[in-house]
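Biologist: Please show the model, and let us then discuss how its parts are arranged.

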Amino acid sequence: MVSVTHGEVWADDAGAEGDGPPLVLLHPGVGDSAVWDPVLPALAARHRVIRYDVRGYGRSPAPTAAYSPVRDLAELLDHFAVDRAVLVGSSMGGATSLDYALEAPERVAGLALLVPGVSGYDGLVTGEFFERLEPLAAAGDLDGIVRLGLRAWAKAGGGTPETDPVAAELCRAVLPAWFSNIGHQLTGPPAFDRLGEISAPTLLALGELDRPEVVRCNEEMAERIPGCRLVRLPGSDHYPTLREPDHVVRLIEELYAETA
């Protein structure tokens, strides 16, 4: 466990020691750090890799006080004595990566963004998933929430727990965090209108089977980030590390080579 302001997070520091900056993996809101399992062995064979669970997710305790994801990331890097890192952020983790790159650009060597979110973009929290989530949560229907989530986020796997048990387990495991983190997570300044300030080499991979709102947002993000390379993953939804792990590894390696 790593101590952070008013709490702690679980983190793992593994992989090969090298001269370049480490990779720091930031998981999505629809999964904890286990979402990196399909790509971790290949990445750790060549790089130092740090991954962690956001408060309330995976092996990290639920928050008991207000916290900032960006501050937690900064304190995590300090704990591991990392001056500069290549941030690999998926969805929620992509949003945190961008917020940190805007706050501390000198500490970000590169950004590999997988189906990323971003603060300040209107239209991401729309559609059937968000319309039906609240009544299911009020009824305590966790199975219903998982099924709803898979229909929205996991189309490549068939969209049901029966056809996509790995994604279903990831989704089910994070439900406690969705509720425990309400009212505790602090938000910073909106990032979408500041994406033109990003100075690190950036790759953005979108899943063509993802929600249309996310695809549209990712396309607009790539247009705003200077020099951003946009890659379309034809077989991916909101879980690219599950759907196309070899492709994801290759893209991360290509982005890493730009940071040298």
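Modeller: Domain bounds come from an automatic or database domain assignment. The model is predicted: local features need pLDDT of at least 70, side-chain atom pairs count only at pLDDT 80 or more, and totals for chains, interfaces and linings use all residues. Residues are numbered from 1 along each chain as its sequence is written, and side-chain values use heavy atoms, with hydrogens and water left out.

Biologist: What distance separates the centres of domain 1 and domain 2?

Modeller: The assignment gives domain 1 as 2–124 + 184–258 and domain 2 as 127–180. Taken over C-alpha atoms, the distance between the two centres is 22 Å.

Biologist: How many salt bridges are counted between domain 1 and domain 2?

Modeller: A salt bridge requires a side-chain nitrogen of Lys or Arg within 4 Å of a carboxyl oxygen of Asp or Glu. Arginine 243 and aspartate 164 form such a pair, their closest N and O atoms being 2.5 Å apart. Between domain 1 and domain 2, the count is one.

Biologist: How are α4 and α5 oriented to each other, roughly parallel or roughly antiparallel?

Modeller: Helices are DSSP runs of H or I with at least four residues, strands are runs of E with at least two, and both are numbered from the N terminus. Axes are lines fitted to C-alpha atoms, for helices over the stretch in contact, with angles from 0 to 180 degrees between N-to-C directions. The axes of α4 (residues 128–138) and α5 (residues 142–153) come within 10 Å and cross at roughly 175 degrees. Angles under 35 degrees count as roughly parallel, over 145 as roughly antiparallel, 65 to 115 as roughly perpendicular and the rest as oblique, so α4 and α5 are roughly antiparallel.

Biologist: Which residues of α3 meet α2?

Modeller: The axes of α2 (residues 69–79) and α3 (residues 92–103) come within 9 Å and cross at roughly 70 degrees, and the helices are therefore roughly perpendicular. Contact means heavy atoms within 4.5 Å. Pro69, Val70, Leu73, Ala74 and Leu77 of α2 meet, in α3, Thr96, Asp99, Tyr100 and Glu103.
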